[in-house]
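I opened a notebook page for this structure and wrote down what I looked up, entry by entry.

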Amino acid sequence: MVNDLALQRNKYKHLSDAEWHWFLQQIEGRERTADKLPTFASIPDWWYPVRLSCEQCSSELTARYKASLLSPLALGEGKEERLLDLTGGYGVDTYFLSEQFIHTDYVEQNEELCRIAAHNFALSQKSKVERQKLSIAIHNTTAEDFLLSSPCGEAGWGLIFLDPARRDSHGSKVFRIEDCTPNVVELLPTLLAHSKRLLIKLSPMLDLTQAVTCLSQVNWDIHIVAIKNEVKEVLLLSGGTGQITTIDLAQKDQAFVFTREEEQHCGLDIRDGKLANYLYEPNAAILKAGAYKLVAQRFGLHKLDVNTHLYTSLQFIENFPGRVWRITEKQNLKQANVLTRNYPLTPEQLKKKLHLRDGGTAFVIGCRVAGKPTLLYAERVYSTSM
């Protein structure tokens with residue numbers, strides 16, 4: 001719709017160029033985020049920022065999940081607490097997290113995003129959306145400057161939330177937490193002095209082990225959050241016990257919870273090259289967390305190879321958090337879905353070698369079984385994550 005409308009500038013000569021661009025921005029923002037942010041789409045006159053901010057913001061699903069971690073029980077003192085969001089952005093996380101607090105401070109260095117947030121937070125009080133009355137103060141400044149202007153003892157927060165930007169001053173992506181903005185590693189002592197708890201949102205592309213090592217002064221609980229088998233966020237919540245929770249929000253009853261120690265001390269049962277009847281692949285959140293041995297132990301599965309994260313069983317295992325196939329006999333296929341895991345060829349290369357077209361119900365899976373490259377033929381049983 002917005003692309004067609006953009007060609008009709010002459011019909012709206014009464015609008016200035018600035019008004020015209022704002023008009024298009026609002027239509028595009030609502031179109032792009034209607035499914036991602038349904039609550040916002042339901043509020044008339046809700047304002048939308050530029051496309052990049054809409055693309056980079058949290059979804060309503062992941063924002064509500066964060067809020068669920070911060071229930072009064074989790075925080076101890078609940079609604080008596082104050083929230084500080086040091087990287088406010090579009091305000092999605094601020095909006096949903098604030099429901100757990102009496103007062104919220106929203107900090108954002110981009111003046112336009114502050115203007116939009118101020119309008120939206122005020123508007124939400126007049127809408128028909130059922131929620132508590134918000135008390136959100138807008139601060140147009142950097143995280144560092146805001147903390148400098150708020151000495152310890154003058155303003156303490158129950159929780160500080162940060163979503164550091166994963167791009168440098170040249171716009172290039174960064175993959176280490178200390179290269180993000182703001183630099184959480186440098187700010188950590190100040191953050192700890194100002195708050196009881198910290199919640200940090202990381203990109204799935206960041207090196208999680210390296211990030212936790214850099215922030216080792218704190219005990220973190222880790223939450224790896226996926227939607228439909230795509231990891232969206234990695235969350236670090238301070239004051240924990242080192243517990244790791246993986247969850248696909250499309251399947252909330254499929255949470256897999258463990259600790260690094262459990263995975264390290266877990267034995268590994270590798271199949272001796274003889275395939276059983278069913279094949280399993282854990283969902284993306286579990287694979288991101290590295291629970292390669294524990295997932296096999298808990299579901300009574302055999303791993304195909306040390307470095308192949310596929311598993312097998314004689315009997316069908318229900319409620320497995322991932323994809324399940326039934327292994328079939330080799331077939332003379334002309335069409336199939338081709339996957340490779342720990343295999344010398346890419347899916348495209350294997351498809352070309354086997355002269356296969358994409359599609360159909362059959363699967364050809366190239367993988368390594370007990371050290372040997374192997375082709376498996378299978379049919380999907382079900383998937384809890386796609």
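Entry 1, salt bridges. I counted 21 salt bridges in this predicted model. I recalled that side chains of opposite charge can pair when their charged atoms come close.

I looked up glutamate 28 and found its salt bridge with arginine 51, where the closest N and O atoms are 2.5 Å apart. This pair links distant parts of the chain, since glutamate 28 sits in helix H2 (residues 17–33) and arginine 51 in helix H4 (residues 51–56), 23 residues apart. Glutamate 28 counts as buried because its relative accessibility is 15%, under the 20% limit. Arginine 51 is partly exposed, with a relative accessible area of 41%.

Next I took arginine 326 and glutamate 379, whose side chains meet in a salt bridge of 2.9 Å, N to O. Here too distant parts of the chain are linked: arginine 326 belongs to strand E13 (residues 322–328) and glutamate 379 to strand E16 (residues 372–383), 53 residues apart. I noted arginine 326 as partly exposed at 36% relative accessible area, and glutamate 379 as partly exposed at 32% relative accessibility.

A further salt bridge joins aspartate 358 and lysine 351, with 2.8 Å between the closest N and O atoms. Lysine 351 counts as buried, at 11% relative accessibility. I also noted one network, in which salt bridges that share partners join Lys66, Asp93, Asp163, Arg166, Lys201 and Glu233.

I checked how much of helix H5 (residues 60–69) is covered. Seven of its ten residues are buried, so the helix is largely enclosed by the rest of the structure. Lys66 is among the buried residues of H5, and Lys66 is also in the network above.

I found valine 218 in the loop between helix H11 (208–214) and strand E6 (220–227). Valine 218 is buried, with a relative accessible area of 11%. Which residues does valine 218 contact, leaving aside its neighbours within four places in sequence? I listed Leu188, Leu192, Ser238 and Gly239. The C-alpha atoms of valine 218 and leucine 188 are separated by 9.2 Å, and the two are 30 residues apart along the chain.

H11, E6 and helix H12 (260–264) each give two or more residues to the lining. H11 gives the most, with four residues.

Methods: Residues numbered from 1 in each chain as written. Predicted model: local features only at pLDDT ≥ 70, side-chain atom pairs only at ≥ 80, totals over all residues. Heavy atoms only, no water. Buried < 20%, exposed > 50% of the residue type's maximum accessible area, 1.4 Å probe, protein only. Contact = heavy atoms within 4.5 Å. Salt bridge = Lys/Arg side-chain N within 4 Å of Asp/Glu carboxyl O.
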